[in-house]
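Reader: I would like to go through this model with you. Could we begin with how the chain is divided?
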4 protein chains.
Amino acid sequence: MNAIPSNNIRVGILGASGYTGSELIRLLAQHPQVTMSLLTGDRAAGKKLGAVFPHLAHLKLPTLIKVEDADWSGLDVVFCALPHGTTQEVIARLPRNLKVVDLSADFRLYDLETYATWYGHAHKAPELQKEAVYGLTEIERPAVKAARLVANPGCYPTSAQLPLIPLIEAKQIELDDIIIDAKSGMTGAGRAAKEEMLYSEVAEGIHAYGVAKHRHAPEIEQGLSKAAGRPILVNFTPHLMPMNRGILSTIYVRLANGAKAADLRATLEKRYADEPFVHVVAEGVSPATRHVRGSNRVLIGVFADRVPGRVILLCVEDNLVKGASGQAIQNMNLMTGLPETTGLMQEALFP
Amino acid sequence: MNAIPSNNIRVGILGASGYTGSELIRLLAQHPQVTMSLLTGDRAAGKKLGAVFPHLAHLKLPTLIKVEDADWSGLDVVFCALPHGTTQEVIARLPRNLKVVDLSADFRLYDLETYATWYGHAHKAPELQKEAVYGLTEIERPAVKAARLVANPGCYPTSAQLPLIPLIEAKQIELDDIIIDAKSGMTGAGRAAKEEMLYSEVAEGIHAYGVAKHRHAPEIEQGLSKAAGRPILVNFTPHLMPMNRGILSTIYVRLANGAKAADLRATLEKRYADEPFVHVVAEGVSPATRHVRGSNRVLIGVFADRVPGRVILLCVEDNLVKGASGQAIQNMNLMTGLPETTGLMQEALFP
Amino acid sequence: MNAIPSNNIRVGILGASGYTGSELIRLLAQHPQVTMSLLTGDRAAGKKLGAVFPHLAHLKLPTLIKVEDADWSGLDVVFCALPHGTTQEVIARLPRNLKVVDLSADFRLYDLETYATWYGHAHKAPELQKEAVYGLTEIERPAVKAARLVANPGCYPTSAQLPLIPLIEAKQIELDDIIIDAKSGMTGAGRAAKEEMLYSEVAEGIHAYGVAKHRHAPEIEQGLSKAAGRPILVNFTPHLMPMNRGILSTIYVRLANGAKAADLRATLEKRYADEPFVHVVAEGVSPATRHVRGSNRVLIGVFADRVPGRVILLCVEDNLVKGASGQAIQNMNLMTGLPETTGLMQEALFP
Amino acid sequence: MNAIPSNNIRVGILGASGYTGSELIRLLAQHPQVTMSLLTGDRAAGKKLGAVFPHLAHLKLPTLIKVEDADWSGLDVVFCALPHGTTQEVIARLPRNLKVVDLSADFRLYDLETYATWYGHAHKAPELQKEAVYGLTEIERPAVKAARLVANPGCYPTSAQLPLIPLIEAKQIELDDIIIDAKSGMTGAGRAAKEEMLYSEVAEGIHAYGVAKHRHAPEIEQGLSKAAGRPILVNFTPHLMPMNRGILSTIYVRLANGAKAADLRATLEKRYADEPFVHVVAEGVSPATRHVRGSNRVLIGVFADRVPGRVILLCVEDNLVKGASGQAIQNMNLMTGLPETTGLMQEALFP
């Protein structure tokens, strides 16, 4: 595993006491080129990592400190896994020689007005925003390679855009009739102690939330609009359900320009043929979240509907891996010139 | 509870060793007017009920027998909770004086050709089919009251039709743009021992199944088409997820004839204002399956989408209660002249 | 269900926004002799019950108020479902004509020093403590009938004492070799928002907690010591696991005075033969928590071990029903002269 | 990950369509020295692995075949993950040059009479049994290194013996007062389609099974007796609960020879100080199964009880990894002269 001892990339993880933070550590512990040199966690400052994440207690890692106590010298890359809205000022103060992958939503929206509308306050680092590259790796690979600051995509947007963007670019689907019904596991909601996230409030049930107002809608629309060359609105309805990890996006589209379901399948198969992490499953197969649990893979299914002209796309990912920390490492690999899959080839954990 | 000892309706339950059978028994044990006089279970014949359902072991009930050994004399009502496709011949042989509520799919489709197409064989009791009344109680109450044979609706069709039919009748939605994304608990798949239903295959995951070919699609379309006065096709995509009970149908519709989301809400509120079991929740509230667990209630939510002209309907039920055995008893109450809610007012079990 | 309109007992529920509060409401809504006239919930004061428990939104109940705003006149019975340690002063201020069932731990320990040791502060209502009757119904029935203030037992102590007390009284087990390994669902830990109770921290795992220091140990020991006529210490190790409801106590005992496993079984069968809620299951049957979910029943199994002289007792209950609110209502029925089972005969919800 | 291409150990996996088979494949896919050259699966013969385990579909692996069609030439090691009782004859027919790790129970019991008593038939390969080494790695490392045939331990016995054997060897606990209360996830019960393993029969519940007659009892006793130098009987009570992976053994012991809880802790800490996979957690920490999910690690906790002379040991493992396939690979590493941890350093997947 860690057979190659040339640990030559020194990384810091800001916000190591949350789920995306611990997932970065889980994966980077297997990465042969990385040393984790800095971990921050504001409420947990002064504690060892094992106190907040017992499953990582055996790793030899630095004690958690506050962000303001960080020594940035000697670092090569910083992962920001801080809460939305708190990251802009932190990143703005970082030395310019550091490469940064931000897992929050703070730099994902190119348009500052859209940001202000959805996040309720003016952007606090508008100059940096211009520099940020949206890190949906398979779509933005060249830009990611050249980036200093990558805005790592949201979990829902990753699962929605990967199947849709190639179809929009191929002009095979109607732009104004896209419905994304997404089902997410609970880690997507973070680790903050809230009543509605207690086991007893979640187990044995499902409900939609953020209906018609979830902040991932404009992020999805930004990517799809870029692919289409004109603004697109989508219906996006997320649901929370009793599982730890995983997102299934069931996407309803309408065929355009004479395309058939088989054409959509062909477009996606071609687009992702050489991708190590994105796979189109065989015809008739319905991808399941449990089959990507813990892995960086994305599975996409394509079904013709009984309703003429309609197609159903199914896309699954692990929200903490390809939907967050795995994709962040995939981006880091590209930004630092490493093979893209380094440290990311773990198989899914099933059952 | 059983304070009123006037047990004057004698019922038989065919298929008492499955989940809809045990749910009938659970509910009827609280019904003040019912005596359970006959229980069948072919593989479990000769056993006491407690051997197949330990939670009901304390009830004083007859031993399970085979259907062919049943003595029908003295019975008033028979519930058929037998597997799909096996029920037609059984019911055809029953004495004509018995009232019958069939929980299988065998008599739900009025059109014999549609039945043959979806179920793979010619209907075996076409004469009886003419007599069968589709028992979606709130929609077909007068017919149910007069019926001898009620075809109890499927679990998905109940949750899809209750919100849609009033809107179709009010001509407030487009008929050719209806998408039903349904999420179901595992009891909806029955109690047969299949690998894909094992705990370890189901927990911590979600997947779609029967995509574009689930047998509940024509059942839903039959009800909506009747309301519309012309044939309707719908997209219906069911999903299986790790919970025991519950269905959430997230339904995407397009507004018609100048209607707004508030008009749809008003239509549903008016239609169900006096219903004991169907409630439209307040604006902004997202109904959750856990809030109807074990109860006969249905909750409906209405949300305007960000996409102009689109509305999202959310409908939850317990698939074993309003989606099966509860509605069956509701229908029996009507067929026998009892108050409709008798034995059905238990509250949901949350958490 | 509510067919008998003679609602002649007026009850108040203090702490209606927690799980034992909502469970009282769920059950009392089916109780033919009860009117819920007062609901308090300090943080939720001013809200309707449906805002904190949507599954009960349809009930016609008073708005939640603060305890200090309560009007006690006209009430007959008060259920206290307040946090431990806060109840003594509240109950001390109640009018003496009210009957009280306290679901907290505040009046369960007869010995004031033991209370102070385990709860970290002196008892605040020592005079009232003298009056309190420990409400383990099947054991203390006569005292409960005569009581004004009942201290409702804890969830773990109920499942531990019901199988052990008859065996101790029969002198069939060693007093100094009792090990209670208990597994509990998450509602036992309450509804407070704590990180360790989040879905993602609980699902797919199990762990022991409060090892050798859980506050239910002295409560169990009090009951067993009373039965034995001398002090007893027990090993009590509780575990938290991913289920909403249920406790399984696996109890390891050593035979005494020549008794055999069959003798223990006979003692328990005889003791509980006429009890409506406590059942000894058949030889070889292993009781499961799922078979008492939502019901007030307790199931007890008895197994001879391979190790000579050792017996394994298995006891299951629903921690929110027989372990809390159901037993509270059972006690109220006795205190008010009603049949003990009134409102409590609902079957378990399985699956 | 697979950076080192020197795949010089060619392995076959018999029974690749079960959970221990798929877990071997998941882990071996990360092993830098292994090529999987042969996969068998009798019912799935002729299928690609992805048809039975979609999460492994992307791996380039041979098609599943029947055992009788296997070509053993060119193989170095065979893992047998076949059902109990079917393995003896298969292994007896294997070429003698193959090293074998058997994950079934077929060669675990040294005493042929004990085997016959517990498994209901005479052993079918008694000569081979003499050669088999019990592969509890940390205890039997030298013998494993020299073995041709390793009987890989059962999941429960691994979690019971690792904490107990050092304490027995140190004569710090009473030999005749050992109680093992074990809680297991559902993969421990295998992938066969049985009613009692359906999601709806398992979720939201817990129960004991195999009380006083589980086949892992004699396996545990064999190991403890060897450590003690005389026969030992234990109480072993396993429970099934709703999680996919994980075993927690809560073990109740009585101190001997003046030892204290701190002495037991010291013994275990010393014994496992240099072990890569077995860790004694800090005082006061209660190990949780979720913290070893997917990893080969074992965590052991030690607590003094309130009952004088009693100690509680807590031991967690992932039943599919250290309890089966992970330990099997650990043993293979030793048998083939590789570093013991090769391919096994993946972190736990939490949440």
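Reader: Which domains does the assignment give for chain A?
Author: The assignment gives domain 1 (9-131) and domain 2 (156-319) of chain A; such bounds come from an automatic or database domain assignment. This is a predicted model, where local features need pLDDT of at least 70, side-chain atom pairs count only at pLDDT 80 or more, and totals for chains, interfaces and linings use all residues. Residues are numbered from 1 along each chain as its sequence is written, while chains are lettered from A and ligands numbered from 1 in the order in which they are written.

Reader: How far apart are the C-alpha centres of domain 1 and domain 2 of chain A?
Author: The centres lie 27 Å apart. Eight residues from domain 1 of chain A and seven residues from domain 2 of chain A make the contact, which requires C-beta atoms, placed from the backbone, within 7 Å.

Reader: Turning to helix 9 of chain A, what span should its 13 residues have?
Author: Helix 9 (residues 216-228) of chain A should span 18 Å, because the expectation is 1.5 Å a residue, taken times one less than the number of residues. Its end C-alpha atoms are 18 Å apart, which agrees. Helices here are DSSP runs (H or I, at least four residues), as are strands (E, at least two), numbered from the N terminus.

Reader: What do the buried residues of helix 9 of chain A pack against?
Author: They pack against helix 4 (112-119), helix 7 (155-169), strand 7 (179-184) and strand 9 (235-240) of chain A. Among the buried residues are His216(A), Ile220(A) and Leu224(A); buried means 20 or more other C-beta atoms within 10 Å of a residue's own, with C-beta atoms placed from the backbone.

Reader: What comes just after helix 9 of chain A?
Author: Gly229(A) follows, with a positive phi of about 80°.

Conventions:
Contact = placed C-beta atoms within 7 Å. Buried ≥ 20, exposed ≤ 12 C-beta atoms within 10 Å, placed from the backbone.
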